[in-house]
4 protein chains.
Amino acid sequence: MTFTYHRTVRFQDTDAAGVVYFANILAICHEAYEESIASVGINLKEFFTHPPIAFPIIHANVDFFRPISCGDKLVVSLIPYKQGVDKFEIAYEILVDLFVVAKAQTRHVCIDTSTRNKREFPDEISEWLETNRKDREEALRRKSREVM
Amino acid sequence: MTFTYHRTVRFQDTDAAGVVYFANILAICHEAYEESIASVGINLKEFFTHPPIAFPIIHANVDFFRPISCGDKLVVSLIPYKQGVDKFEIAYEILVDLFVVAKAQTRHVCIDTSTRNKREFPDEISEWLETNRKDREEALRRKSREVM
Amino acid sequence: MTFTYHRTVRFQDTDAAGVVYFANILAICHEAYEESIASVGINLKEFFTHPPIAFPIIHANVDFFRPISCGDKLVVSLIPYKQGVDKFEIAYEILVDLFVVAKAQTRHVCIDTSTRNKREFPDEISEWLETNRKDREEALRRKSREVM
Amino acid sequence: MTFTYHRTVRFQDTDAAGVVYFANILAICHEAYEESIASVGINLKEFFTHPPIAFPIIHANVDFFRPISCGDKLVVSLIPYKQGVDKFEIAYEILVDLFVVAKAQTRHVCIDTSTRNKREFPDEISEWLETNRKDREEALRRKSREVM
């Protein structure tokens with residue numbers, strides 16, 4: 001029920017140690033975020049190219065559990081959480097063959113790009129957050145029913 | 001009939017001018033090459049991670065016809081050409097909405113990575129080149145029949 | 001007294017929002033780490049290219065306080081902290097014109113790359129950690145003398 | 001006499017084959033171009049961040065003569081050539097320990113970014129081209145005197 005993004009690890013993602021360069025995992029998480037907002041109809045070009053309203057990342061963190069290699073088929077699942085009227089956080093889980101190989105988080109703040117002041121979410125992002133909240137609750141309900 | 005690779009332009013592919021950073025188009029072409037060799041059963045991890053035989057690029061070139069933006073749906077088509085027993089060249093065409101936005105070429109040489117001397121293609125690459133040659137000729141035959 | 005690394009922000013570090021792409025700040029921190037270990041005589045090619053002993057990152061985090069633009073002159077200062085016999089953490093502070101624009105941390109574990117098991121630090125890394133510890137304590141002593 | 005740029009190869013520039021990822025050499029050449037235009041007083045932030053006049057690359061090519069490793073000290077020399085009133089080309093040579101490891105070229109066209117139509121060079125770029133032309137001719141004169 002949570003949004004998932006499929007991504008093959010590319011040669012350019014790797015480094016001379018033979019595995020994925022650490023910072024590239026955060027970039028792959030951001031790709032999943034892009035795919036998620038595109039999935040609710042948001043136009044990526046307008047959203048990301050010199051936009052009047054933007055959602056810069058103010059914090060990111062990532063934990064690595066296993067090395068990730070060229071050709072690995074990543075499954076990135078993503079859950080956004082609303083934090084007040086002008087902030088959201090996204091939790092990412094990256095799997096290869098059902099093993100969690102990394103986990104990450106990004107925190108975004110909504111700003112007016114001309115002033116760089118915080119502002120309330122525009123409707124399209126509120127709806128994306130709401131859609132994801134419903135999907136998450138639905139998934140939890142189903143899970144708890146299975147347990148009973 | 002030629003191999004095609006579909007790729008959405010990501011935020012990280014762009015630069016402060018608002019469009020794709022030029023060198024990233026060559027990286028996207030390389031992704032298409034990776035996908036093409038994976039499609040004939042070659043294991044990408046073994047092929048690209050400290051391999052005994054490698055195919056380093058000795059030349060690359062790219063021409064840009066239109067700016068490419070975040071969110072653009074690229075279709076990369078690729079044709080490899082055998083050049084003797086130890087070299088091949090790949091021609092790439094990148095389209096957005098049926099328009100050619102860029103063209104590129106990469107030239108690869110087959111080497112033994114321990115000595116870095118040239119060597120003949122291993123079977124799996126000979127087969128990949130042969131499969132692509134047949135597909136290309138088949139496509140040409142069909143085209144010429146359509147003309148008649 | 002702490003190690004500092006100077007780095008101009010490049011066009012390729014930026015994205016279509018006009019500022020540095022978030023994950024690239026972690027890559028710039030890693031450059032400072034590379035420069036720091038090179039400064040104590042460690043050979044970067046041997047250290048990073050298919051080495052028998054490696055120091056993969058198991059955790060990274062970054063906080064952004066101000067947008068960073070193409071051409072900005074970054075000053076990255078770095079303090080490594082030993083954590084037991086097989087782990088270390090590095091704290092980074094990134095300044096532009098004396099303002100802290102970002103802070104980051106990376107946590108590294110020492111492994112034998114053939115088995116990927118943890119192992120004790122080799123001498124050169126113990127010495128790098130020790131050199132940095134002494135510099136840090138010296139800086140603190142000087143600071144406390146200035147206060148008195 | 002020609003402009004030179006010094007750059008240490010970073011871990012993130014490399015790939016799982018253990019050497020620099022091919023497209024990254026073009027990015028390093030672009031860094032040399034950025035440094036060259038900064039050296040005549042051009043403000044990089046204004047020049048590259050959503051500018052009214054831009055110089056997109058319409059062609060690039062690169063030849064590789066030797067593998068390039070993490071830690072290698074690159075010396076990139078660069079010569080720009082004016083081509084009419086709205087185009088210029090830059091030739092790059094990349095050396096490690098006095099050996100040429102790669103050569104590259106980029107071709108740029110001057111455009112008005114609002115219309116994306118070609119336009120004549122602004123003064124600052126004409127001056128940068130002229131400064132480089134004089135340096136080049138001076139270098140050639142000196143060389144020919146040495147030969148006599």
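Two strands count as paired when DSSP finds at least two bridges between them, and helices (H or I, at least four residues) and strands (E, at least two) are DSSP runs numbered from the N terminus. With that in hand, let's start the tour.

Before you click, note that this is a predicted model: local features need pLDDT of at least 70, side-chain atom pairs count only at pLDDT 80 or more, and totals for chains, interfaces and linings use all residues. Residues are numbered from 1 along each chain as its sequence is written, chains are lettered from A and ligands numbered from 1 in the order in which they are written, and side-chain values use heavy atoms, leaving out hydrogens and water.

**Stop 1: the sheet of chains B and D.** Select β3 (residues 57-64) and β6 (residues 99-109) of chain D; these antiparallel strands are joined by seven bridges. Zoom in on Ala60(D), and you will find its bridge partner in β6(D), Thr106(D).

Now widen the selection to the open sheet of ten strands, which runs β1(B)-β4(B)-β5(B)-β6(B)-β3(B)-β3(D)-β6(D)-β5(D)-β4(D)-β1(D) with antiparallel pairing. At the edges sit β1 (3-8) of chain B and β1 (3-8) of chain D, each pairing on one side only. From one strand to the next, the twist averages 20 degrees.

**Stop 2: helices on the sheet.** Contact here means heavy atoms within 4.5 Å. Next, pick helix α3 (residues 123-147) of chain B, lying across β4 and β5 of chain B at about 110 degrees to β4(B).

**Stop 3: α1 of chain D.** In this helix, 15 of the 18 residues are buried, so α1(D) is largely enclosed by the rest of the structure. Buried means under 20% relative accessible area, exposed over 50%, partly exposed in between (1.4 Å probe, protein chains only). After the helix comes Gly41(D), with a positive phi near 95 degrees.

**Stop 4: chains A and C.** Show α1 (residues 22-39) of chain A and α1 (residues 22-39) of chain C: their axes come within 9 Å and cross at roughly 180 degrees. Which residues of α1(A) meet α1(C)? They are Phe22(A), Ala23(A), Leu26(A), Ala27(A) and His30(A), facing Phe22(C), Ala23(C), Leu26(C), Ala27(C) and His30(C).

Note on methods: Axes are lines fitted to C-alpha atoms, for helices over the stretch in contact, and angles run from 0 to 180 degrees between N-to-C directions.
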